Amino acid sequence: MGVKVTDLPPLQVDYTGQRLAGVDEVGRGPLVGSVVAAAVILDPARPIDGLTDSKKLTARKREALDSLIREHALAFTVAEASAAEVDQFNIYHATHLAMRRAIDGLAPAAEYLLVDGNRLPGHTLPGQAVVKGDARHPAIAAASILAKVARDAQMVALDMRYPEYGFARHKGYPTKEHLSALAVHGPLADHRRSFAPVQRQLALL
């Protein structure tokens with residue numbers, strides 16, 4: 001069993017200004033496509049109701065909140081690291097690369113970071129890593145929603161090009177359907193060659 005939000009102490013943020021950026025990523029586990037990160041500075045004067053972990057929301061609710069975040073936030077950026085960069089640097093370093101790109105794209109710039117997870121992405125800005133952060137702080141939740149909507153859209157677009165793989169349904173994760181399609185049709189250029197199920201299929205070619 002993983003850590004539950006209710007088991008964690010209340011979040012203490014060591015910053016009181018208005019340029020706090022929440023940062024989160026989506027797409028560490030899939031076998032295909034980019035890892036996508038987002039950074040969001042919410043406007044305290046324009047709060048958004050319903051912000052929470054993107055995985056707990058329906059696709060329709062995520063898309064509605066995505067529009068509200070883009071409309072009301074002081075700043076936001078969505079960035080990514082490609083499948084090739086995942087293969088070059090490994091998924092851990094590629095995730096942090098995508099996060100740094102998202103942080104660097106903010107205008108106005110952030111002064112402090114709240115990053116989902118247990119590690120900061122190696123940025124020069126001060127900040128905190130927050131376990132289960134997307135359920136504990138609205139700025140991280142907003143980042144998780146932007147990243148999830150953007151990556152899901154990429155998978156829908158890939159599904160239109162290669163419908164036989166079922167990307168719109170499994171979003172690139174190693175489901176039985178995806179692994180079966182990989183065995184039948186082989187890896188695409190978009191597949192992450194450093195991930196074991198893709199490596200196994202490449203070895204058979």
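This is a predicted model: local features need pLDDT of at least 70, side-chain atom pairs count only at pLDDT 80 or more; totals for chains, interfaces and linings use all residues.
H4 is mostly covered, with 17 of its 24 residues buried.

The pairings can be followed from S1. Strand S1 (residues 20-26) and strand S2 (residues 35-41) run antiparallel and are joined by six bridges. Here Val 23 stands opposite Ala 39 in S2. S1 and S4, by contrast, run parallel, with four bridges between them. Gly 22 has Leu 114 in S4 as its bridge partner. The pairing of S4 with S5 is also in the parallel sense, over four bridges. In that pairing, Val 130 in S5 is the bridge partner of Asp 116.

Strand S4 was examined for burial. Five of the five residues of S4 are buried, so the strand is largely enclosed by the rest of the structure. Tyr 112, Leu 114 and Asp 116 point one way from S4. Leu 113 and Val 115 point the other way. Both groups are buried.

Helix H1 also packs against H4. Two packed helices are described by the angle between their axes and the distance between the axes. For H1 (residues 59-72) and H4, the angle is about 120 degrees and the axes are 9 Å apart. H1 passes H4 in a left-handed crossing. On the H1 side, the contact is made by Arg 62, Glu 63, Leu 65, Asp 66, Ile 69 and Arg 70. H4 contributes Ala 142, Ile 145, Leu 146, Lys 148, Val 149 and Asp 152. An α-helix has 3.6 residues a turn, so residues three or four places apart point the same way.

Aromatic rings were considered next. A search of the whole structure finds three aromatic pairs. One of them joins Tyr 15 and Tyr 112, whose ring centres are 5.4 Å apart. Tyr 15 lies in the segment before S1, whereas Tyr 112 lies in strand S4, so the pair ties together parts that are 97 residues apart in sequence. Tyr 15 is buried, with a relative accessible area of 17%. Tyr 112 is buried as well, with a relative accessible area of 7%.

Tyr 165 and Phe 167 form another aromatic pair. This pair is stacked, with 5.4 Å centre to centre and 0 degrees between the planes. Tyr 165 and Phe 167 are both buried. Together with Tyr 162, these two residues form one aromatic cluster.

Methods. Residues are numbered from 1 along each chain as its sequence is written. Side-chain values use heavy atoms; hydrogens and water are left out. Two strands pair if DSSP finds at least two bridges between them. Helices (H or I, at least four residues) and strands (E, at least two) are DSSP runs, numbered from the N terminus. Buried means under 20% relative accessible area, exposed over 50%, partly exposed in between (1.4 Å probe, protein chains only). Rings of Phe, Tyr and Trp (its six-membered ring) pair if their centres lie within 6.5 Å; planes under 30 degrees apart count as stacked, over 60 as edge-to-face and the rest as tilted. Axes are lines fitted to C-alpha atoms, for helices over the stretch in contact, and angles run from 0 to 180 degrees between N-to-C directions. A crossing is left-handed if the near helix is turned anticlockwise from the far one by less than a right angle, and right-handed if clockwise. Contact means heavy atoms within 4.5 Å.
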